[in-house]
Amino acid sequence: MTGFWITLIILLAAATALFVGAGWRQRQASSGDRDRLNTDFYQQRLRELEHDEAEGVVSERPEMVRELQQTLLTDVPGDAAARAHHSSRWVLLPGVIVLVLVSVGVYLKTGGLALLAGWQSVQQEYPALRARVMDPNAQPLTMEELARLQLGLRTSLQNDPQNLNDWAMLGRLGMVLNNATDASQAFEHALQLAPDNLELQQDYAEVLTRSSDPQDNRQANMLLKDLLKRDHSNVRTLSLLAFNAFEQQQYSEAIGAWQVMLKLLPAGDRRITMIERSIEQAKTDAGQQNSQLALTVSLTPEAEKMLPPGGVLYISVSDGVSPVPVAVKRLPLSHFPLSLTLDDSNAMMPDRLLSAQHQVQVRVRISRDGSANPQSGDWFGLSAVTPWDGHQPMAVEVNQQQP
């Protein structure tokens, strides 16, 4: 920072010197030109007097010469006048002050001094931030600290552009910070240094898969298929390929990749359940799923005696874990027992379909006033959490009253 201020002072001094020098030379040139004109006029008048005297026109030449000399002394200042003129250079001082103030003000407004100070602060913090991110026992970095680490890493790579590990770290930071462009560029640099590195190729394919550009998605698909040819049992490559295909609505390809993964994963692996749900979701989106929940609703005699006129029947299906329903159906009260079906058309959210569930719990409630919120005194029934393959029927008895 000290070097910056020294440079700034030198530039201001140079600009001031140019300003003062140009103004002073202009004033000196103006004064010199005036003195030369006065002297030339004096010499011309002397020649004219000599000519007039020779012709007998002028008889008092000495007196007229003295008057011309007096006029010349008045028009061409002596040493005292020169000194006074010399002191007048201070009139340039306000201009110098304005020049300095305007220059400094414009730089502070548009020159990015705050950004420079921030960058220098990051450079000081960078070693400590890097040590923390490399230490598994250290406190995790916040998103702001990760952004500062990314800036410090970029600066470090300016001095060491052949550092493969730093390029890979920069790409992964870009992924964490959701900056696909930075991540993509960093992995491209890394792959120039290590074109056959499988992990870097997978990271690069993941960035391309996350991109909103369809061309990037297609490039990722081609890259992943090429990696799969070299190692057809790599679980991460299969996972990325399945996700990429699913995002491009190539459901058959996604389902195939996930099914291969199920064969490769060991029994009890936590990813199996997620993969099975993903397969069901893909089948549903592809129109290959025809799951329906056939439900029979019955009432206890006590509940049937208290059926309200104009009441409404609410049926909600959940996965037995989250309280948010997967599917909901609303019907006017009619005769009981009541048989009905629910399917994906009754889903609450498009990304949580009934056909993708492997267990369900059904709640049936009779609302007296049609309110969607449970009211004290409402009758309801609740099934057990039941494994579901998408086809077996279920029955619920309304036998409880809301406290």
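**Ground rules.** The model is predicted, so I kept local features only at pLDDT of at least 70 and side-chain atom pairs at pLDDT 80 or more, while totals for chains, interfaces and linings use all residues. I number residues from 1 along each chain as its sequence is written, and side-chain values use heavy atoms, without hydrogens and water.

**Helix H7 against helix H9.** I took helices (H or I, at least four residues) and strands (E, at least two) as DSSP runs, numbered from the N terminus. Axes are lines fitted to C-alpha atoms, for helices over the stretch in contact, with angles from 0 to 180 degrees between N-to-C directions. The axes of H7 (164–176) and H9 (198–210) come within 11 Å and cross at roughly 25°. H7 and H9 are therefore roughly parallel; angles under 35 degrees count as roughly parallel, over 145 as roughly antiparallel, 65 to 115 as roughly perpendicular and the rest as oblique. I looked up the contact (heavy atoms within 4.5 Å): among the residues making it are Leu 164 and Arg 172 of H7 and Asp 203 and Val 207 of H9. By class the contact has five nonpolar, no polar and five charged residues. Here Ala, Val, Leu, Ile, Met, Phe, Trp, Tyr, Cys and Pro count as nonpolar, Asp, Glu, Lys and Arg as charged, and the others, Gly among them, as polar.

**Helix H9 against helix H10.** H9 and H10 (214–230) pack at about 150°, with their axes 8 Å apart. That makes H9 roughly antiparallel to H10. I found Tyr 204 and Leu 208 of H9 and Leu 223 and Leu 227 of H10 among the contact residues. The contact of H9 with H10 divides into eight nonpolar, five polar and two charged residues.

**Largest pocket.** A pocket is an open set of points on a 1 Å grid over the protein atoms alone, where a 1.4 Å probe fits, with protein on both sides within 12 Å along at least five of seven lines; lining residues have an atom within 4 Å of a point. The largest pocket holds about 280 Å³ of space, a volume filled by probe spheres set on the points, which are joined across faces, edges and corners. Of its 13 lining residues, Ser 239, Phe 243, Trp 258, Met 274 and Ser 278 are the closest to the centre. H11 (235–247) gives the most to this lining, with six residues.

**Backbone details.** I noted a cis peptide bond between Phe 336 and Pro 337, with omega about 0°. Asn 178, in the loop between H7 and H8 (180–193), has phi near 60°, a positive value in a residue other than glycine.
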